[in-house]
Amino acid sequence: MHDQIQSAAFELISPDQRDSFRGRIGRILLRSLPSEELEASLFEVVSLLNCASSNITDEERDELAEMNLKAGIKASENAAFDTAKVYFKAGYDVLGSRGWEGDY
């Protein structure tokens with residue numbers, strides 16, 4: 001029942017605002033979860049943040065790229081290689097051409 005209500009509420013948000021909404025949820029979770037809970041929810045939080053990656057600052061890009069790296073490593077440690085590839089690619093994409101200018 002809860003999933004149906006959540007889905008119905010989400011449908012009320014216009015499609016062009018959904019990614020922004022997901023990004024806001026991800027930022028709230030990133031700021032509010034204790035480190036242990038954040039680690040346990042890493043895939044969910046990073047996935048939410050990735051939805052809004054086109055509308056973030058350079059500092060947030062660096063942090064998101066690092067979080068994608070952590071998620072990719074965690075996925076590969078669990079033999080979820082396809083999932084790891086998704087996170088590694090998202091981290092690479094979020095850095096864009098400037099990725100080799102700083103940390104490498």
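With a relative accessibility of 28%, Cys 51 counts as partly exposed (buried is under 20% relative accessible area, exposed is over 50%, and partly exposed lies in between, using a 1.4 Å probe and protein chains only). You'll find Cys 51 in helix α4, which covers residues 42-51. Look past the neighbours within four places in sequence, and Cys 51 is in contact with Asp 19 and Arg 22 (contact means heavy atoms within 4.5 Å). Gly 26 is 25 residues away from Cys 51 along the chain, yet their C-alpha atoms are separated by 9.1 Å.

A quick word on what you're looking at: this is a predicted model, where local features need pLDDT of at least 70 and side-chain atom pairs count only at pLDDT 80 or more, while totals for chains, interfaces and linings use all residues. Residues are numbered from 1 along each chain as its sequence is written, and side-chain values use heavy atoms, with hydrogens and water left out.

**The whole protein**

The protein has six helices and zero strands (DSSP runs numbered from the N terminus: H or I of at least four residues for helices, E of at least two for strands). Its C-alpha atoms fill a box of roughly 45 × 30 × 25 Å along the principal axes. Of the 104 residues, 27% are buried. Take the contacts with a separation of 6 or more: 48% of them join residues 24 or more positions apart.

**Salt bridges**

How many salt bridges does a search of the whole structure find? The search turns up six (each is a side-chain nitrogen of Lys or Arg within 4 Å of a carboxyl oxygen of Asp or Glu).

| Pair | Distance, N to O |
|---|---|
| Glu 11 and Arg 18 | 3.4 Å |
| Lys 70 and Glu 66 | 3.8 Å |
| Asp 93 and Lys 89 | 2.7 Å |

Lys 70 and Glu 66 sit four residues apart in helix α5 (residues 58-77), so about one helical turn separates them. Lys 70 is partly exposed at 45%, and Glu 66 is partly exposed at 45% too.

Helix α6 (residues 81-95) holds both Asp 93 and Lys 89, four residues apart, or about one turn of the helix. Asp 93 is partly exposed at 42%, and Lys 89 is partly exposed at 48%.

**How α5 and α6 pair up**

The axes of α5 and α6 come within 8 Å and cross at roughly 165° (axes are lines fitted to C-alpha atoms over the stretch in contact, with angles from 0 to 180 degrees between N-to-C directions). That angle makes α5 roughly antiparallel to α6, a label for angles over 145 degrees.

Which residues meet between α5 and α6? From α5 they include Leu 64, Ala 65, Leu 69 and Ile 73, and from α6 they include Phe 81, Tyr 87, Phe 88 and Val 94. Sorted by class, this contact has 13 nonpolar, five polar and two charged residues (Ala, Val, Leu, Ile, Met, Phe, Trp, Tyr, Cys and Pro count as nonpolar, Asp, Glu, Lys and Arg as charged, and the others, Gly among them, as polar).

How values were computed. Angles under 35 degrees count as roughly parallel, over 145 as roughly antiparallel, 65 to 115 as roughly perpendicular and the rest as oblique.
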